[in-house]
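Reader: Could you walk me through reading the backbone of a new model? I would like the general idea and then the case at hand.

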Amino acid sequence: MGMTIQLLSSKLATITHERDGLPISVQHFTWCPGCQMIHPINVTGCPQDGPKWSFDGNAQAPTFGPSVKVDLGRNPGATCHYFVRAGQIQFCGDSTHALAGKTVPLPDIPDDWRD
């Protein structure tokens, strides 16, 4: 199994997982300013790969649905829950970081994650 990594815009990267040269799943990645880390968003793939999100195709100001909830295993009980709509991150109140309940522009992916 192989994979292809592509930067779709300064705000959105994608990894396509391949088997026998054919794509089997796609994950998009955005930078989370609340967690200061990359979060994956699965958009296609096998059922065993977990839940899937819709993507409107706009790499500059993306919208994904429904909300994304990330269990931050490095800190028990730490959660990041948010919507990405029209290039804005709307953090839900149950996020356990300083941006909970706030809406901020989707930031650029840091240079060290693009290489």
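Reader: Which pattern does the chain follow along the sequence?

Author: Helices (H or I, at least four residues) and strands (E, at least two) are DSSP runs, numbered from the N terminus. Here the chain reads β-β-β-β-β-β-β-β-β-α, with nine strands and one helix. This is a predicted model, where local features need pLDDT of at least 70, side-chain atom pairs count only at pLDDT 80 or more, and totals for chains, interfaces and linings use all residues. Residues are numbered from 1 along each chain as its sequence is written, and side-chain values use heavy atoms, leaving out hydrogens and water.

Reader: Thanks! What should I look for in the backbone angles?

Author: Most residues other than glycine have a negative phi, and most peptide bonds are trans. In this model, a cis peptide bond joins G65 and P66, with omega at about -5°. P66 sits in strand 6 (residues 64-71).

Reader: Where is Q36, and what is its phi?

Author: Q36 is in the loop between strand 3 (22-32) and strand 4 (37-44). Its phi is positive, about 60°, although Q36 is not a glycine.

Reader: And A86: is it buried or exposed?

Author: Buried means under 20% relative accessible area, exposed over 50%, and partly exposed in between (1.4 Å probe, protein chains only). A86 is exposed, with a relative accessible area of 52%. A86 has a positive phi of about 50° although it is not a glycine, and it lies in the loop between strand 7 (79-85) and strand 8 (88-91). Q36 is exposed, with a relative accessible area of 52%.
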